[in-house]
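Walk me through this structure, please.

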Amino acid sequence: TIWNTVIEAHAKSKVKDAAENASRILHEMTEYHKKGNDHIRPDKVSISLMLIAMARGPKFGNKDVAKQAVTILDRMEAMYMEGNELMKPDALTYTQAINCIAKSGAPDSGIIAIDLLLRMKDLHKRGREDLKPDIVTFNAVLSAMASSQSKGISEYAEQLLNEMEKSGDSSISPNTTSYSSVITAWANSDSPVKEKKVERLLQRMEEGDANVAPNTVSFSAALHVFAKSNSPGALERSMNILKQMEDKFESGDSTMLPNAYTYSSVMEVISNSPNKQIIAEEALKLLKRMINFSKKLETKKNYTIAFNTAIKGIERSAEKKK
């Protein structure tokens, strides 16, 4: 309908009050219908578009998006149970709600997303064929878990990844996005074993097929873990990742372009090295390598953050030598 087209236009806009505008249109539709205009009636498409608009809310300071998304789903389910077929939520509706939760920044976003996934699975088992979660749904859940602050959530994320892998269901076979989210979940955790977990996941990706090949997100998350480590092998592992990214980019994979944060993470690994004697030398080597690599690029990039990290690392190593 023309009303849903207007909601969609608001949902896809990048303005701060996109969700508020979409909500206003939805409210007007409801009011017109109450007054007897049967041809104007919100449906699940209207709600799905509303959820798309809401997913941008956290970017503009809306901290309640996760709760709002769950409330909307609960209300849709209640209306469907009361006989309103137009409000019957399907897998797409649930997935968009989970996507809102993933982007909400809520500390318990992972738990909320898992609860919705379990609800979908339960309703699907009970005959709701249109509620079968697919890979997009699972990846939205993993994304929510990656940004969650709930204790032990990284372990649950890896368990979910393993469940997807062992299911035998091709519609939920993990892909690069799935693995990258789990690596990010471990990277954001305070677990003492996160370095080993990230290494194993990267190894699984490298040994798998093209569907799970590591990308910039997975490599960057791994480098973030190594940057906070002072283990003896962290520098070697980081340099191997950087070389892989540089080589793949030069071989034509534009998605593997190392950016300022990539080099900065490796620089941080160097500055955290237990061998303080090598920090200045290795930092200068990496700076030269970064400069030489940047000269090959058609579009010049700003690597200021990497330079700043190098300077700080060299300063720290000099202080510890005193």
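**A polar link at Asp90**

The side chains of Asp90 and Lys44 are joined by a polar contact of 3.2 Å. A polar contact is a pair of N or O atoms within 3.5 Å; within protein, one must be able to donate a hydrogen and the other to accept it, and residues adjacent in sequence count only if both atoms are side-chain atoms. Asp90 has another such link, a polar contact of 2.8 Å between its side chain and that of Thr93.

This is a predicted model, in which local features need pLDDT of at least 70, side-chain atom pairs count only at pLDDT 80 or more, and totals for chains, interfaces and linings use all residues. Residues are numbered from 1 along each chain as its sequence is written, and side-chain values use heavy atoms, with hydrogens and water left out.

Where does Asp90 sit? Asp90 lies in the loop between α4 (65-81) and α5 (91-102). Helices (H or I, at least four residues) and strands (E, at least two) are DSSP runs, numbered from the N terminus. Asp90 is buried, at a relative accessible area of 17%. Buried means under 20% relative accessible area, exposed means over 50%, and partly exposed is in between (1.4 Å probe, protein chains only). Leaving aside neighbours within four places in sequence, Asp90 is in contact with Lys44, Asp130 and Leu131. Contact here means heavy atoms within 4.5 Å.

Now take the whole chain. The protein chain has 15 helices and zero strands. Its C-alpha trace spans about 80 × 40 × 40 Å along the principal axes. The chain has 322 residues, and buried residues make up 46% of them. Consider the contacts between residues at least 6 apart in sequence: 66% of them join residues at least 24 apart.

Next comes the inside. The largest nonpolar core holds 87 residues. Such a core is a set of buried Ala, Val, Leu, Ile, Met, Phe, Trp, Tyr and Cys residues joined through side-chain atoms within 4.5 Å. Ile101, Leu160 and Ile241 have the most contacts inside this core. Helix α7 (residues 135-146) gives the largest share of the core, eight residues. What does Ile241 touch, beyond its neighbours within four places in sequence? Ile241 is in contact with Leu202, Phe219, Ala222, Leu223 and Phe226.

Helix α7 also holds Asn139. Is Asn139 buried or exposed? Asn139 has a relative accessible area of 12%, so it counts as buried. Its side chain makes a polar contact of 2.6 Å with the side chain of Ser178. Not counting residues up to four places away in sequence, Asn139 touches Met164, Asn175, Thr177 and Ser178.

Turn to the empty space. Rolling a probe the size of a water molecule over the atoms shows where such space is left. The second largest pocket contains about 210 Å³ of space. Of the 16 residues lining this pocket, Ser150, Lys151, Gly152, Ser189 and Asp190 are the closest to its centre. On a 1 Å grid over the protein atoms alone, a pocket is an open set of points where a 1.4 Å probe fits, with protein on both sides within 12 Å along at least five of seven lines; lining residues have an atom within 4 Å of a point. Grid points are joined across faces, edges and corners, and the volume is the space filled by probe spheres set on the points.

Which helices supply the lining of the second largest pocket? α7, α8 (153-166) and α9 (176-187) each supply at least two residues. α8 gives the most, with three residues. The lining divides into five nonpolar, eight polar and three charged residues. Ala, Val, Leu, Ile, Met, Phe, Trp, Tyr, Cys and Pro count as nonpolar, Asp, Glu, Lys and Arg as charged, and the others, Gly among them, as polar.

Helix α11 (residues 216-227) is the next stop, with His224 in it. Ala221 is also found in helix α11. Ala221 is buried, with a relative accessible area of 9%, while His224 is partly exposed at 35% relative accessibility. Not counting residues up to four places away in sequence, Ala221 touches Ile183, Thr184 and Ala187. Ala221 and Trp186 are 35 residues apart in sequence, and their C-alpha atoms are 8.7 Å apart in space.

Finish at Met239, in helix α12 (residues 234-250). Met239 counts as partly exposed, at 21% relative accessibility. Leaving aside neighbours within four places in sequence, Met239 is in contact with Val266 and Arg289.
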